[in-house]
Amino acid sequence: MKVKISVIALLCLFSFVLPAKIHSQYSAKQKEIIAEKVKSEFLHAWKAYKKYAWGYDALKPLSKTGHNWYTESLLMTPVDAFDTMILMGLTEEANEAKALILEKLNFDIDMRIQNFEVVIRLLGGLLSAYQWDGDTKFLDLAKDLADRLLPVFNSPTGMPYRYINLKTGKTDNNISNPAEIGTLFIEFGMLSKLTSNPVYYEKSKKAIVELYNRKSKIGLVGSTINVETGEWVNKKSHISGGIDSYYEYLLKGYALFGDKDFKKMYDESIKAVNKYLWDEVEGRGWYCIADMETGEKLGRTYGALDAFMPAMLSLGGDIARAKELQRSGFLMWNLFGIEPESFDYSTGKIIYESYPLRPENIESAYYLYKYTKDEKYLMMVETYLETIIRHCKCDEGYAHLANVNTKEKSDDMESFFFAETLKYLYLTFAKDPVLDFNKVIFNTEAHPFKKEMVKGKK
Ligand code: DMJ
């Protein structure tokens with residue numbers, strides 16, 4: 001144990017050096033300057049997409065080419081980026097993205113797609129575009145997409161298949177996970193409110209409830225489940241990728257729609273998560289991996305995806321735990337000069353060394369700043385901004401890091417960099433009321449859904 005403690009301590013000593021420019025206090029003017037800086041970084045990335053990948057799903061920033069996820073483009077980047085442009089006041093760019101989307105986006109394609117990714121990025125992006133821009137063509141596109149996706153719920157349990165063909169409705173892949181099953185409700189639920197058609201709300205609610213009903217006796221869920229038989233395939237419980245946004249949507253289902261079933265499900269679930277997964281090492285809190293049936297600890301890893309948790313905890317009212325966990329998230333970022341995908345917090349050893357421009361650590365500091373007004377969270381977000389610029393910026397756009405130790409880049413720029421990472425960086429410093437934090441609920445891809453759109457709607 002002593003050896004492990006000293007490893008972390010040594011890593012802290014050698015790595016915990018904040019970028020020189022970071023402020024310790026922030027005047028209104030300084031915040032405005034930082035917000036403007038984020039905006040110009042957004043433009044740097046968007047111009048590169050425009051120049052080399054216009055009409056494709058995403059830019060490959062090193063080879064300077066366009067890239068599609070599937071055989072044809074679904075315009076992932078423009079749809080994901082659109083509401084960030086609106087919030088940043090980038091009218092010209094928003095108009096050109098809108099024209100492209102309305103002219104080219106077409107879902108009538110014989111193409112197999114992953115339901116979860118398409119829902120959080122495209123359905124979420126289109127619904128948000130409609131709410132912030134007002135053009136009903138966005139809503140028509142969202143409805144067309146959702147209608148094509150509905151057959152995913154036609155499994156014996158009502159939990160969705162992972163893949164579907166957009167034209168034929170043919171589904172496949174019956175081994176899914178809590179995140180892909182549960183992280184549909186905010187988008188489908190919102191569509192029901194906006195179209196007054198309850199079918200989307202009902203089917204996506206049934207899916208998440210069916211998953212919840214299969215939690216273990218001690219209240220945890222596992223990593224993978226068969227949506228046809230309802231049997232768990234992998235019983236490892238954690239809060240990381242594959243489970244993360246299932247918990248997020250239990251909470252947001254109540255926060256956005258006021259549906260009390262969701263409050264009950266969230267309260268029960270978070271109790272078990274905190275009882276069995278919360279872990280402390282050297283006076284710092286983390287969440288571990290444990291067996292969903294017994295609670296036996298199976299691993300002590302934390303990473304970039306887990307870092308969404310302080311945002312969720314603070315939205316759920318547990319500010320104290322959120323603050324403590326964010327302290328760990330900030331340490332993780334600084335230990336390596338930028339956060340790794342995953343590391344062992346008891347030894348400091350990196351498990352996955354990439355950094356694909358993820359937003360979660362920033363999102364959590366943003367939420368905590370909104371709730372506490374403590375400037376230390378501004379300092380954290382500025383640190384995140386400066387290190388991302390330093391290590392990920394390239395001549396044309398921004399690139400993932402293949403390795404946070406060597407800072408070697410890899411040839412990708414995910415659409416969530418526009419939808420989430422740059423949005424949270426900007427909103428932390430932007431002058432109110434670009435967006436009133438209390439009046440929106442972000443979907444898991446940071447598309448802000450307006451609570452007023454739900455009020456009084458069945
Ligand atoms: C995003 O697509 C969403 O935030 C999702 O919930 C998790 N992963 C990425 C960002 O890291």
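Predicted model: local features only at pLDDT ≥ 70, side-chain atom pairs only at ≥ 80, totals over all residues.

Me: Ok, which residues surround the ligand?
Reply: Ile120, Arg121, Leu305, Arg358, Pro359, Glu360, Phe416, Glu420, Thr444 and Glu445.

Me: How many of the shell residues are nonpolar, polar or charged?
Reply: By class, you get 5 charged residues, 4 nonpolar ones and 1 polar one around the ligand.

Me: Let's zoom in a bit. How far is a ligand oxygen from an N or O atom in the side chain of Arg358?
Reply: That distance is 2.7 Å for Arg358. Glu360 also has a side-chain N or O atom 2.7 Å from an oxygen of the ligand. For Glu420, the side-chain N or O atom and a ligand oxygen are 3.0 Å apart.

Me: And how much of the ligand's accessible area does the protein cover?
Reply: The ligand on its own has 290 Å² of accessible area, and the protein covers 91% of that.

Me: Which pocket is the ligand's space?
Reply: The ligand takes up the space of the largest pocket.

Me: How many bridges join E3 to E4?
Reply: There are 3 bridges between E3 and strand E4 (residues 163–165), and the two run antiparallel.

Me: What about E9, E12 and E13, what do they form?
Reply: Those 3 strands make an open sheet, in the order E9-E12-E13, with antiparallel pairing.

Me: Which strands are at the edges there?
Reply: Strand E9 (236–237) and strand E13 (297–299), each of which pairs on one side only. Strand E12 (residues 289–291) pairs with E13 in the antiparallel sense, over 2 bridges. On the E13 side, Gly299 is the bridge partner of Ile289.

Me: Now the hairpins. How many residues lie between the strands in the hairpin of E10 and E11?
Reply: It has 2 residues between the strands, and Glu282 takes a positive phi near 50° in this hairpin. Strand E10 (residues 278–281) and strand E11 (residues 284–287) pair over 4 bridges in the antiparallel sense.

Me: Who's the bridge partner of Trp278 in E11?
Reply: Tyr287 is the partner of Trp278. Further along, Glu280 stands opposite Gly285 in E11.

Me: And the hairpin of E17 and E18, which residue takes a positive phi there?
Reply: Lys407 does, with phi near 65°, and this hairpin has 4 residues between its strands.

Me: How do E17 and E18 pair, over how many bridges?
Reply: Strand E17 (residues 400–403) and strand E18 (residues 408–410) pair in the antiparallel sense, over 3 bridges. One place to look is Asn403, whose bridge partner in E18 is Glu408.

How values were computed: Residues numbered from 1 in each chain as written. Heavy atoms only, no water. Near = heavy atom within 4 Å. Polar contact = N/O pair within 3.5 Å; in protein donor to acceptor, adjacent residues only side chain to side chain. Areas by Shrake-Rupley, 256 points an atom, 1.4 Å probe, with all protein chains shown as cover. 1 Å grid on protein atoms, 1.4 Å probe; cavity = no way out; pocket = protein on both sides within 12 Å on 5 of 7 lines; lining within 4 Å. Sits in = over half its atoms within 2 Å of the grid points. Nonpolar A, V, L, I, M, F, W, Y, C, P; charged D, E, K, R; others polar. Pairing = 2+ DSSP bridges.
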